[in-house]
Amino acid sequence: MRSRSRNLLCCRWCSGRVVLQADEDLRSAGPVGTPIYAYADGIVTKAEPATGFGMWIVLEHNIDGQTVSTVYGHMFPDGVLVKPGERVTAGQHIADEGNNG
């Protein structure tokens, strides 16, 4: 099921929450360093290394009364621009694209 952005696919239910993964086919991904923007207003719950995923960011959002998490991955450590607990706004530059992991 497609969401509001072509990059975000509803990939599974996880602990009672919808999890959206921001993931593009490498043929259509931008070059390393391309800005990655937050899907919606939310809170950073993770911004750390993830095995096989390089660095990842998990944002938790409240959309229409439902908790939704978005996942962004494969960044390099210096490409992660947010920290756990930080509030973000839709469209905020949260990371730079990488090909790590």
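In this predicted model, M75 is in contact (heavy atoms within 4.5 Å) with I36, G54, M55, W56, I57, V80, A95, D96, G98 and N100, leaving aside its neighbours within four places in sequence. M75 is also one of the residues that touch the most other members of the largest nonpolar core, together with V44, I57, L59, Y72, V88 and I94. That core has 18 residues. A nonpolar core is a set of buried Ala, Val, Leu, Ile, Met, Phe, Trp, Tyr and Cys residues joined through side-chain atoms within 4.5 Å. Strands β4, β5, β6 (66-75) and β8 (93-96) each supply at least two residues of this core, and the largest share, four residues, comes from β5. In soluble globular proteins, nonpolar side chains tend to be buried together.

Residues are numbered from 1 along each chain as its sequence is written, and side-chain values use heavy atoms, with hydrogens and water left out. Local features need pLDDT of at least 70 and side-chain atom pairs count only at pLDDT 80 or more, while totals for chains, interfaces and linings use all residues.

The chain contains zero helices and eight strands. Both kinds of element are DSSP runs numbered from the N terminus: helices are H or I runs of at least four residues, and strands are E runs of at least two. Of the 101 residues, 35% count as buried. Buried means under 20% relative accessible area, exposed means over 50%, and partly exposed lies in between (1.4 Å probe, protein chains only). Among contacts with a separation of 6 or more, 50% join residues 24 or more positions apart.

| Residue | Relative accessible area | Class |
|---|---|---|
| H61 | 2% | buried |
| F53 | 16% | buried |
| A50 | 18% | buried |
| W56 | 21% | partly exposed |

H61 lies in strand β5 (residues 54-63). The side chain of H61 makes a polar contact with the side chain of T70 at 2.7 Å, and it reaches the backbone oxygen of D41 at 2.8 Å. A polar contact is a pair of N or O atoms within 3.5 Å; within protein, one must be able to donate a hydrogen and the other to accept it, and residues adjacent in sequence count only if both atoms are side-chain atoms. Not counting residues up to four places away in sequence, H61 touches A40, D41, G42, Q66, T67, V68, S69 and T70.

A search of the whole structure finds one aromatic pair. The ring centres of F53 and W56 are 5.8 Å apart and the planes stand at 85 degrees, so the pair is edge-to-face. Rings of Phe, Tyr and Trp (its six-membered ring) pair if their centres lie within 6.5 Å; planes under 30 degrees apart are stacked, over 60 edge-to-face, and the rest tilted.

A50 lies in strand β4 (residues 42-50). A50 and G101 are 51 residues apart in sequence, and their C-alpha atoms are 8.2 Å apart in space.

The mean pLDDT (the predictor's confidence in each residue, from 0 to 100) is 78, and 71% of residues reach 70 or more. Strand β1 (residues 8-14) has the lowest mean, 41, and strand β7 (residues 87-88) the highest, 98. Over residues 1-18 the pLDDT is below 50, and this stretch has 38 contacts in the model beyond near neighbours in sequence. Residues 22-28 also have pLDDT below 50, with eight such contacts.
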